[in-house]
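Visitor: Hi, could you walk me through this one? I'd like to start with the strands.
Guide: Happy to, let's have a look.

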Amino acid sequence: MTTKKIITVQNLVKKYGDFTAVNNISFDVYEGEIFGLLGPNGAGKSTTLEIMETLREKTSGQVMVDGFNLDEDPGNIKKIIGVQLQSSGFYPNLNLVELIELFSGLYNRKTNATQLLEKVNLVDKAKNKSKELSGGQKQRFSIATTLINTPRIIFLDEPTTGLDPQARRNLWDLIKQIRENGTTVILTTHYMDEAEQLCDRIAIMDKGEIIKMASPDKMIDELLATGFEKPKPAKAANLEDVFIHLTGREMRDE
Ligand code: ADP
Ligand code: MG
């Protein structure tokens, strides 16, 4: 992670009629970091993401993405970002290679489908239809589709929701790899262990506002500094540890 700001959001507001979904938020994302947007349902995370992705109109505020102003240059922003499509949007009867070719065409790119599928460990499924993939495989494929235009930044909205523990861990590795390759990652999640594992910094949103922004480590230290004490766990392992110990880390849906 560098100290170069790749995204700058200033005083962003989004209203749906009388309702203010995003209420004057400001934040920066640094090049090469994994930045997490956390918050309860309805906090305004997806709205914020979709505005940065040029998919939703803002009401007011300034957004700069890699030097491009959202108001003046949305076309250039689209070229350098990767947006995760909902897997429900995949044509169920096309196979993975066909889907990659379809999306590449939309980006006006030539893509080596096998190489891309290798990155997400789906080469074996190259000729399978998207409807034949398991939940974890669908998520990995949808992350692969964000990489088609070799983006500088990718946006992942709840990438691991609904996955089993093995598939979640597998996706964490994939997201870390993508970042190692120099891509900035912005994600939302409801899993705090995931945010702690993956994110360099997080912003916690509630009712359209950012109520806290720092590294996970700093947030935890600050809470502890207030005198907060967690009841000591009776045992040094939890049920997820048992589950992973019994069933292994290996993905099951191959
Ligand atoms: P999150 O992703 O944090 O769950 P969203 O950004 O999806 O939150 O939604 C924030 C708020 O804005 C919610 O109260 C939601 O109901 C509302 N909202 C989202 N999209 C629309 C829309 N198209 N029209 C009206 N209200 C919306
Ligand atoms: Mg959402």
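Visitor: How many bridges join strand E3 to strand E9, and do they run parallel or antiparallel?
Guide: Strand E3 (residues 34–38) and strand E9 (residues 201–206) are joined by four bridges and run parallel. Bear in mind that this is a predicted model.

Visitor: Which residue is the bridge partner of Leu 38 in E9?
Guide: That's Ile 204.

Visitor: And what order do the strands of the sheet come in?
Guide: The order is E6-E7-E8-E3-E9-E10, six strands in an open sheet with mixed pairing.

Visitor: Which strands stand at the edges?
Guide: Strand E6 (81–83) and strand E10 (209–214) do. Each has a single partner strand, so one side of each lacks a neighbour in the sheet.

Visitor: What does the twist average?
Guide: From one strand to the next, the twist averages 15°.

Visitor: Which helix packs on the sheet?
Guide: Helix H1 (residues 45–52) packs there, touching E3, E6, strand E7 (153–157), strand E8 (184–188) and E9. The direction of H1 makes about 155° with that of E7.

Visitor: Switching to helices: at what angle do the axes of H6 and H9 cross?
Guide: Helix H6 (residues 165–180) and helix H9 (residues 239–247) have axes that come within 10 Å and cross at roughly 90°. The two are therefore roughly perpendicular to each other.

Visitor: Which residues make the contact?
Guide: From H6, Pro 165, Gln 166, Arg 168 and Arg 169; from H9, Glu 240, Phe 243, Ile 244 and Thr 247.

Visitor: And by class?
Guide: The contact of H6 with H9 has three nonpolar, two polar and three charged residues.

Definitions and conventions: Residues numbered from 1 in each chain as written. Chains lettered and ligands numbered in written order. Predicted model: local features only at pLDDT ≥ 70, side-chain atom pairs only at ≥ 80, totals over all residues. Heavy atoms only, no water. Axes fitted to C-alpha atoms, helices over the stretch in contact; angles between N-to-C directions. Parallel < 35°, antiparallel > 145°, perpendicular 65-115°, else oblique. Contact = heavy atoms within 4.5 Å. Nonpolar A, V, L, I, M, F, W, Y, C, P; charged D, E, K, R; others polar. Pairing = 2+ DSSP bridges.
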